Amino acid sequence: MSSDESPPSPAPQDRREAVREKAQQVQAKQSRARALRRVAMGVGVVAVVAVAATVVTWAFTSSSKPQLSPANISNDGFTVTSVAGVAVDTANGSAPDAGATASPTPSPAVPTAAATPAATKSAPVDIRVYVDYLSSGSRDFQMANVQQLSKWVSQDAATLTYYPVSMLASKSNGTKYSLRAASAAACVATHAPDTFFAFNDALLRKQPPVDSDGLSDADLATLAIASGASDPKAVRSCIETESFASWAAGATDRALQGLPDTDSVSLTATPTVLVNGMPYVGKLDDPKEFAQFVLTIASDAYYKTASPTPTASPSPSTTMTTTPLPSSTR
């Protein structure tokens, strides 16, 4: 005897309900997926728009922000207008006198071994110093020659111009000390030019070691104010915001391309010292050798600008026809 125990088949209406329910589930799942895709696309679009807006804003801000340049500047250099505030102390590293900075001659005479150059009829001797405030050579030159440089400037025997550069910006643990120091020097030259020489000297005397962090911006500002800056608030703000850092970087690049008023000389090391456009290649820490170089350049300039005195010129009371020739020329 056999029996059929298979479950009864669902009624057609039940099958339709099952299919309809399954279709609704699939449709709901697809709707959720589409909604998620739309949300994701919306978030992506918003992100792209935000990034684009940021880029446009940055570009506009960068292009509209002025590139600050220092005041009291000529060809990226600052001419010393005052030597006040620099204490010359031979016991602490300044150049000894030893006859190296004797008093100048009272008139534009031929320079002698005394080391104060005589100004020519057209202008004093022009001394230019390209200085990196992290360069040990720059410090050596300043310490050795600050005494005679001060005297030459105060006696109007020479013009002295410093050109802050930043060739050693990578030698301070990422703090770019020489760039910040050059910017600080430009701040002082702009807001307190009479104390620029004193601050320049202080920067070199207190020079940090290479591969150290160097002075902070706040310390640089404090040093500038201690050097006598007459507008401490403006000087501090300028230094601490590194207002002239971009200028200092640009000035360095320009010097590497070539130095103005020279015969194809470019900056290759610091200090680079020029006297009437001629590079000094002697010992940086020997003030006598540098003084002799300055005297030699001054002497050449004097002979080029001095008017020769004719030996046979007629005096106002005589004429060429009445002036007898010397017997040796007859």
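1. A residue counts as buried when its relative accessible area is under 20%, as exposed when that area is over 50%, and as partly exposed in between. In this predicted model, D201 has a relative accessible area of 4% and is therefore buried. The partner of D201 is R205: their side chains meet in a salt bridge with an N to O distance of 2.5 Å. R205, at 26% relative accessibility, counts as partly exposed. Both residues belong to helix α4 and sit four residues apart, about one turn of the helix.

2. Overall make-up. The protein chain has eight helices and five strands. Read from the N terminus, the order of elements is α-β-β-α-β-α-α-α-α-α-β-β-α. The chain has 330 residues, of which 37% are buried. Of the contacts in the chain with a separation of 6 or more, 74% are between residues 24 or more positions apart.

3. The sheet. The five strands make an open sheet with mixed pairing, in the order β1-β3-β2-β4-β5. Its edges are β1 (78-79) and β5 (278-279), each of which pairs on one side only. Strand β4, residues 272-275, runs antiparallel to β5 and is joined to β5 by two bridges. One of the residues involved is L274, whose bridge partner in β5 is P279.

4. Helix α4 against the sheet. The helix that holds D201 and R205 spans residues 196-205 and lies across β1, β2 (125-131) and β3 (158-164). The angle between α4 and β3 is about 55°.

5. Which residues form the disulfide? C187 and C238 do, with their sulfur atoms 2.0 Å apart. The cut-off for such a pair is 2.5 Å between cysteine sulfur atoms, and the count by this rule is one disulfide. C187 is in helix α3 (residues 177-191) and C238 in helix α6 (residues 232-240), so the bond ties together parts that are 51 residues apart in sequence. The torsion about the S-S bond is about -75°, so the disulfide is left-handed. C187 and C238 are both buried.

6. Packing of α3. Two packed helices are described by the angle between their axes and the distance between the axes. For α3 and helix α5 (residues 217-226), the axes come within 10 Å and cross at roughly 35°. The crossing of α3 and α5 is right-handed. On the α3 side the contact is made by Y177, R180, A181, A184 and V188, and on the α5 side by D217, L220 and A224.

7. Other salt bridges. The whole structure has five salt bridges, including the R205 and D201 pair in point 1. Another joins D76 to R254, where the closest N and O atoms are 2.8 Å apart. D76 has a relative accessible area of 17% and is buried. R254, at 41% relative accessibility, counts as partly exposed.

8. Is R128 buried or exposed? R128 is buried, because its relative accessible area is 4%. This arginine forms a salt bridge with D126, the closest N and O atoms being 3.5 Å apart. A salt bridge here requires a side-chain nitrogen of Lys or Arg within 4 Å of a carboxyl oxygen of Asp or Glu, so this pair qualifies. D126 counts as partly exposed, at 24% relative accessibility.

9. Helix α8. P287 belongs to helix α8, residues 287-305. The relative accessible area of P287 is 11%, so this proline is buried. P287 and Q142 are 145 residues apart along the chain, and their C-alpha atoms are separated by 9.7 Å.

Notes
Residues are numbered from 1 along each chain as its sequence is written. This is a predicted model: local features need pLDDT of at least 70, side-chain atom pairs count only at pLDDT 80 or more; totals for chains, interfaces and linings use all residues. Side-chain values use heavy atoms; hydrogens and water are left out. Buried means under 20% relative accessible area, exposed over 50%, partly exposed in between (1.4 Å probe, protein chains only). Two strands pair if DSSP finds at least two bridges between them. Contact means heavy atoms within 4.5 Å. Axes are lines fitted to C-alpha atoms, for helices over the stretch in contact, and angles run from 0 to 180 degrees between N-to-C directions. A crossing is left-handed if the near helix is turned anticlockwise from the far one by less than a right angle, and right-handed if clockwise.
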